[in-house]
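Below is a short report on one protein chain.

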Amino acid sequence: MYEIEKIFNRIIQRVNINLRDLTFDVSPFVKDHINLEKMSEFYAFYGITADIPLNLKFIHSGLAGSYFLGNCRISDSLLYKSDIRGDELKRKGDTFQYKHFSIDLAKDELIDIETSALIKTLVHNYSHDPETPERFFIKDTLALDYSNIHGAPSDGCFLGSFATIDLTTMRDCVIGPYSYIQAGEINHLNVEPGTIWVNSPGQFNFLYQYPTKRLKQYIHCSPEKGPTGLLIDFIEARKDAFNTIFDAANLEDTIKVPENASLDRYAVVLPSTTISENVLVAQRAYLENSYLGRGANAQEHCFIINSRLEGGNVTAHGAKIIEADLDEGVFVGFNSFLFGKPEHRLIIGKGCVIMPHTIIDSEETLSIPQDTLVWGLVTNQQELQENSISLENLKKIETHTNQGNMFFEGSGSTFVQAFKDRIQHILEVNGAFFHEHNNNVKGHAQNNRKLSLNNIQPFLFGNMQGVYPDITILP
């Protein structure tokens, strides 16, 4: 285990050096909660498809249980059950538009992970940093369970459990558990747990802060116990279903999938689930007794249980939907936890936007009207009124407003349009609108059907135990 321990200690030192001005020490959060012995117990795997450039380089790293797709370079890093999904990276010859700049790409974009530890972390999308249009870098960074690094280059940062950085370049920052940040660029910030911040300078600024005591019952990360709370308990209760699909070399199909839809080999599907046309189900998604209508998607680490999605629904990375009925076109943001009950079913109307990192834990039957924005912590009708606004009323705001712990300033109409445009884009790239007879461009739901998966193994003994051989994989 000598080499893997040396890599791990170097990562901790590099992250702490970057966070020295914040006087933040990552050691207590990882030393007793990351078991290096497990790094030699799992294989890593990568996908091959004719639609996505292949160029993988693994150098002096541990990759246990991790998944790779596209152009990736991993050096002196530890990745444990992480998903590095490069299917949306920019391509050579593309033009990247940033404000008034049109940036031509001279080569394919690369995800470059160096001296970092990513534990059950998702890396996806493409870099939105105009200074590095061909390199999505993650350097000297440590990210814990079920965090998302989405189109967000990172240098010298720590992400607590269930944190998300979205379309934001960050340097020397601490992102607290269950925080969601989309702010373009941030530096030297220590973000409190449960901070939801969407900022487009000069256009709009949305800020919500979870009540500290109430958030702790859902997710809390301490040096003494590591990540704890209902979110962790919910996932742990279902981990055996994932062990089954990763342990088996071959699995029989448990469900019929339309030819224009895609069900990942490493997703869990339990009876009685229906997958309709143009549906995308990504790796590590969990579906049970649910209906996914035409063009819906379930992205990585999603759980959809005893629920019905009518179609055109986006269930973003890490979102969980239980005992709920969603009408068409509902967006459920990153790591949201929609927890209806059999006796208190959750009903969400057409075109609603559930903000990233929203918790709806219903103590009574809740029905959300169509075209409503919802955020924060909701358990009853009174809290729903405090933590929601109709999209039409939000469009009318031109200065500022606040409701409970939420503050908004800027143009409400611009904020709504930005969300609508992004939802449309997600559905398009996932193939939700594909129609064979109209010659529509295929998306992930269609292209992923042609994905083949290959395994790679670590050293199983000696000083190199848990480390993978240096290897380059090309077409």
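## A salt-bridge network

R73, D112 and R135 are linked in a network of salt bridges. A salt bridge here is a side-chain nitrogen of Lys or Arg within 4 Å of a carboxyl oxygen of Asp or Glu. Across the whole structure, the search finds 19 salt bridges.

This is a predicted model, in which local features need pLDDT of at least 70 and side-chain atom pairs count only at pLDDT 80 or more, while totals for chains, interfaces and linings use all residues. Residues are numbered from 1 along each chain as its sequence is written, and side-chain values use heavy atoms, with hydrogens and water left out.

Side chains of opposite charge can pair when their charged atoms come close. R10 and D76 form a salt bridge at 3.9 Å, N to O. R10 sits in helix 1 (residues 2–18) and D76 in the loop between strand 4 (71–75) and strand 5 (78–80), so the pair ties together parts 66 residues apart in sequence. Helices (H or I, at least four residues) and strands (E, at least two) are DSSP runs, numbered from the N terminus. R10 is partly exposed, at 26% relative accessibility. D76 is also partly exposed, with a relative accessible area of 25%. Buried means under 20% relative accessible area, exposed over 50%, and partly exposed in between (1.4 Å probe, protein chains only).

R422 and D166 form a salt bridge at 2.6 Å, N to O. This pair links distant parts of the chain: R422 is in helix 8 and D166 in strand 17 (residues 164–166), 256 residues apart. R422 is partly exposed, at 22%. D166 is buried, at 0%. E383 forms a salt bridge with R214, with the closest N and O atoms 2.9 Å apart. E383 lies in helix 6 (residues 381–386) and R214 in helix 3 (residues 212–216), so this pair ties together parts 169 residues apart in sequence. E383 is buried, with a relative accessible area of 16%. R214 is partly exposed, at 31%.

## Domains and cores

The chain is divided into domain 1 (3–213 + 451–473) and domain 2 (238–395 + 413–447). These bounds come from an automatic or database domain assignment. The C-alpha centres of the two domains lie 24 Å apart. In the interface, 38 residues of domain 1 are in contact with 33 residues of domain 2. Contact means heavy atoms within 4.5 Å.

The largest nonpolar core has 56 residues, and Y178, F206, L373 and F415 have the most contacts inside it. Helix 8 (residues 412–429) gives the largest share of this core, 6 residues. Domain 1 and domain 2 both give residues to this core, so it lies between them. Another core lies apart from it, with 35 residues, among them L63, I84, I138 and L159. A nonpolar core is a set of buried Ala, Val, Leu, Ile, Met, Phe, Trp, Tyr and Cys residues joined through side-chain atoms within 4.5 Å.

## E88: a buried charge

E88 lies in the loop between strand 6 (83–85) and strand 7 (95–98). E88 is buried yet has no salt bridge. The nearest side chain of opposite charge, R85, is 4.1 Å away. In this count Lys and Arg are positive and Asp and Glu negative; His and the chain ends are not counted.

A polar contact of 2.9 Å joins the side chains of E88 and H444. A polar contact is a pair of N or O atoms within 3.5 Å; within protein, one must be able to donate a hydrogen and the other to accept it, and residues adjacent in sequence count only if both atoms are side-chain atoms. Leaving aside neighbours within four places in sequence, E88 touches H124, N125, Y126, V429 and H444.

H188 lies in the loop between strand 21 (184–187) and strand 22 (190–191). H188 is partly exposed, at 39% relative accessibility. The H188 side chain makes a polar contact with the side chain of D172 (3.3 Å). Not counting residues up to four places away in sequence, H188 touches D21, L22, R171, D172 and C173.

P177 lies in the loop between strand 19 (174–175) and strand 20 (180–182). P177 is buried, with a relative accessible area of 12%. Beyond neighbours within four places in sequence, the contacts of P177 are G160, S161, P193, G194, L215, I219 and C221.
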